[in-house]
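Let's go through a few labels and see what stands behind each one. Have the coordinates open as you read.

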Amino acid sequence: MAHLVPLLVALPLAGGFLMPVVGRLTGRRESAAALPILLAAVVLVMAVWLLLGADEPITYWVGGWDFPIGISMVADGLSRLMAVIVATISLVALLFSIDYMSRFTSPGLYYGLFLLMLAGMNGVVLSGDLFNMFVFIEVAGIASYALVAFGTESDELEASFKYLVLGTVASAFLLVGIALVYNVTGHLNWAKVAEGIAQAGGPTVPLYVAAAFFLMGFGLKAAMVPFHAWLPDAHPSAPAPISAMLSGVLIKASGVYALVRFVFSVFGGDPTLGWVLIVLGVLSMVLGALMAAGQEDFKRLLAYSSISQVGYVVLALGAAAVMRARGVSEGIVGLAVFGGLFHLANHAVFKALLFLCSGSVEYATGTRQLKELGGIGRRMPVTGACLRVGALAISGVPPLNGFWSKLFIIVALVLGEMYVLAAVTGVVSFLTLMYYAKVQRYVLGGEPSASVDRAREVPAGMAVATVLLAVLCVATSLLAVPAVRSRVMDPASRAVTAGGAAGPRERLMTADAEATERAAGRETRRAGVQPAGEALAVDAHGRRPAPGPLGARGSLDATGEGTAP
């Protein structure tokens, strides 16, 4: 099954370079869309197969080169879940693009950039080291800069330029952070960096400085407050399927996912960083909701709403790190992590749906102003019904998916005795319901305006894409069912929570580091030396045996602390 891991990146990457040629040879937009849709469908099938068919982390060494020379691609529970989310939204956005992009020229270039963005996001979630994650973030970023400006109008070019400048600033922050980490630990592999920090007894001052740069860089990529300035311009200006990709998956893969990996897998859920995530999450939730409530442009409202909804995920994960440091039970910590990841998956679905619905409305009426869209539900019944489902889901109305993820987050915060944060989460949920009630009032209710009177339902491909996402808003509620949750979501939750294991030698590592550990254990056994893992064993009475030598790494005393070799 390991051979599927690189194909998740290689297939869309190859397709991205082929599409300009294919676009010129085919001529028709339907023919040009065939290859990217086929590739996205294949990627989705492989991602689902990995998610449901693998229990343990899978590591693929590119070119067959082993550590420390080789580049590893690691598919654990979290990265497999992210790959499924990315592939699902990508496939639906491509289906929507067939008719929507008919107004634009150069379909081959559009689909080529789209596939490069898909390859970059898959590379981000599968990279086993910091530098290659940075490379794939840049691949996805460069493609998204061009796609935001694809219409080449003045507003689109301005938004793309702002996005480019702030994205470059974020990349500079990430490079500085990577340099600091390499200087301190001598490694870029996620697992080896975590191992080095654990052996040093925890993060040092230079590593906390690196963490600050990573927080700023990934915070910009995730569009968290106060790093959100690019998003409200980029989303309204981009074509609707690209807006769905930016909000649905790109800010999560390049921002939230990378931030979670860094805070938990490398820093072991450090409580200081956990409090930073809580502050950023609360600011994003509250300010994003307040700014969304005052918008009259449909897509700008959705853009600010994305900032608010990402705050839920960041808050839940930050709270999990703080709870663990306080000694809260692992069940409650796991519930907070599950709630955050559940909301990440849900937001990808209903926000992509809402952006595609906004694209359908603009496609049929030529406007995005809410007060000019009254009665659209009568002229466009399929789009109107899907829009209503998305608005109710993001508002947390049961039994749709958004209700369950928000409920899990609030319950985890209450059980973790974070009552103020639980109250803030509830208030922001109410604000979300209020401004989406405004959307339904202006867009779906009232008499048809002059703009709406001529509107007709969108072509079949666009309608099918929105219906699929509306169905997923209902279907993903099943992730709350224990049997489904244990198979789909729990491996991702364990990948996050295990990153904060208590002991330095007990910290969860990716499969490449585990393989190195096993190989080292075999060598030490041949030499008659006790392996590190056995030095942490306990006897039948729960007592730790006398420390044995650990080769060049020293030994463990009776308290488990390391001594000089």
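Q: Why is Asp297 called buried?
A: Asp297 has a relative accessible area of 10%, and buried means under 20%, exposed over 50% and partly exposed in between (1.4 Å probe, protein chains only). Asp297 therefore counts as buried. Keep in mind that this is a predicted model, where local features need pLDDT of at least 70, side-chain atom pairs count only at pLDDT 80 or more, and totals for chains, interfaces and linings use all residues. Residues are numbered from 1 along each chain as its sequence is written, and side-chain values use heavy atoms, with hydrogens and water left out.

Q: What makes the contact of Asp297 and Arg368 a salt bridge?
A: The N to O distance is 3.0 Å, and a salt bridge needs a side-chain nitrogen of Lys or Arg within 4 Å of a carboxyl oxygen of Asp or Glu. Asp297 sits in the loop between α11 (271–293) and α12, and Arg368 in the loop between α13 (330–365) and α14 (376–379), so the pair ties together parts 71 residues apart in sequence.

Q: Why does Arg300 count as partly exposed?
A: Its relative accessibility is 23%, which falls between the two cut-offs for buried and exposed. Arg300 also forms a salt bridge with Asp233, with the closest N and O atoms 3.0 Å apart.

Q: Which residues does the network of salt bridges with shared partners join?
A: Lys162, Asp233 and Arg300 are joined into one network.

Q: How do you know that Leu164 is partly exposed?
A: Leu164 has 35% relative accessibility, so the partly exposed label applies.

Terms used: Helix = DSSP H or I, 4+ residues; strand = E, 2+ residues; numbered from the N terminus.
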